[in-house]
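This briefing concerns a single protein model and is arranged by topic. Please consult the sequence and the structure while reading the points below.

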Amino acid sequence: ERLKVILRIEHNQLTVAEAAESLDLSERHLYRILQRYRAEGEAGLCHRLRGRRSNKAFAQELRTKTLRLYREQYSDYGPTLFAEKLAEHHDVCISRQTATRWLSQAALWSGNRKKRPHRKKRERRDALGSLIQFDGSPHDWFEGRGPECCLLVAIDDASSRTMLRFVPVEDTHHVLALWLDYIERYGIPAEAYTDWGSVYVNTDHPERLTPFGHALKALGIRHIKAGSPQAKGRVERSNRTHQDRLIKALREHNISTIEQANHFLETDYMNAHNQRFAHPNGLTDIHRSAAGIDLANIFSIQQIRHVYNDWTITLHTQFIQLLKSDAPLPPPRSKVIVR
């Protein structure tokens, strides 16, 4: 563009003052450019720093040290997490963009992401406790140092505040225990969003509630079942984040048991993760108080049994004798709820 304007000056089609105004330059600087053009031709219009190292560039020694650290200690880290670890452990402060550029130029990072189908964005809820997305993520979390297990994830849709717990399997007992702790900590949310797993939905008889469904109904929590993994994208993306960041954090602390991992979640990881990714400030909290509610009674496995004439019931192929107490015994042939 400068060349076009300068050629018009050379052909007396523009004055220097008019050309300077069109290029948004001072007349004095445009005279310098004209002088270089007449001496060097078109090459004189190039910026003098083109092809040269920037005066603000990092030292070559720092770049070499950074790439060496990546090869030796962080070869499976992404640029963003790698830049965080450099600042945290090695006193090297570079941006994630710089880390990405250096790793790409050294052919240590391709940056190729798996292509995903386009889906319409669903807006976040506008209040804390409006919707809790819940999921279990079975994975080799200890990278062979311990048994495979499952990470239970409860994430607030409005703020991305997350509660985590490692369990051996995603079963009714552990799911109820986490929800009991969540409500004791934050309160009763309005809605819960899960998949169609057998813990959450009785697929053979949808009209029959599972223990999880009974607990939600007793507390007035609306249960939403996702039609696909993509429908509960907030918690699915959270799972991908933990399968990157949390696995490496467990490796750094040499954690190989569920007990150690849960202690690490409570004392370190969850707070740091929520400080970085959760944004609860400015949001109205609509969790309802659980004060006065017998949560232990609600978050229990309930089964209906018939009382026989000798005041016994069967449970798990065994007889249980009902004994006399201050409370009256249920009459024979009646139904009782065993919790």
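Is Y182 buried or exposed? Y182 counts as buried, because its relative accessibility is 4%, where buried means under 20% relative accessible area, exposed over 50% and partly exposed in between, with a 1.4 Å probe and protein chains only. The model is predicted: local features need pLDDT of at least 70, side-chain atom pairs count only at pLDDT 80 or more, and totals for chains, interfaces and linings use all residues. Residues are numbered from 1 along each chain as its sequence is written, and side-chain values use heavy atoms, with hydrogens and water left out.

**Aromatic pairs**

- The whole structure contains 14 aromatic pairs; rings of Phe, Tyr and Trp (its six-membered ring) pair if their centres lie within 6.5 Å, and planes under 30 degrees apart count as stacked, over 60 as edge-to-face and the rest as tilted.
- One of these pairs joins Y74 and F82, which is tilted, with 5.6 Å centre to centre and 50° between the planes; both Y74 and F82 are buried.
- The pair of W179 and Y182 is tilted because the ring centres are 6.0 Å apart and the planes stand at 55°.
- W179 and Y182 both belong to helix α7 (residues 172–186), 3 residues apart, about one turn of the helix; helices (H or I, at least four residues) and strands (E, at least two) are DSSP runs, numbered from the N terminus.
- W179 is buried, at 1% relative accessibility.
- One aromatic cluster is formed by F134, W179, Y182, Y186, Y200 and F212.

**Packing of α4 and α6**

- Two packed helices are described by the angle between their axes and the distance between the axes.
- Helix α4 (residues 60–73) packs against helix α6 (residues 96–105) at an angle of about 75°, with the axes 11 Å apart; axes are lines fitted to C-alpha atoms, for helices over the stretch in contact, and angles run from 0 to 180 degrees between N-to-C directions.
- Helix α4 is therefore roughly perpendicular to α6, a class that covers 65 to 115 degrees, while angles under 35 count as roughly parallel, over 145 as roughly antiparallel and the rest as oblique.
- L62, R63, T66, L67 and Y70 of α4 meet W102, L103 and Q105 of α6, where contact means heavy atoms within 4.5 Å.

**Cysteines and strand β2**

- The structure holds 0 disulfides, a disulfide being a pair of cysteine sulfur atoms within 2.5 Å.
- C149 is in no disulfide, and its nearest cysteine sulfur, that of C150, is 7.6 Å away.
- C149 is buried at 3% relative accessibility, whereas C93 is exposed with a relative accessible area of 60%.
- S137 lies in strand β2 (residues 132–139) and is buried, with a relative accessible area of 4%.
- Neighbours within four places in sequence aside, S137 is in contact with C149, C150, L151, N239 and Q243.

**Helix α8**

- L216 sits in helix α8 (residues 211–219) and is buried, at 2% relative accessibility.
- L216 touches A192, I221 and H223, not counting residues up to four places away in sequence.

**Positive phi values**

- Most residues other than glycine have a negative phi, and most peptide bonds are trans.
- W311, which is not a glycine, has a positive phi of about 55°; W311 lies in the loop between β8 (303–306) and β9 (312–315) and is partly exposed at 33% relative accessible area.
- H316 also has a positive phi, near 55°; H316 lies in the loop between β9 and β10 (318–321) and is exposed at 59% relative accessible area.
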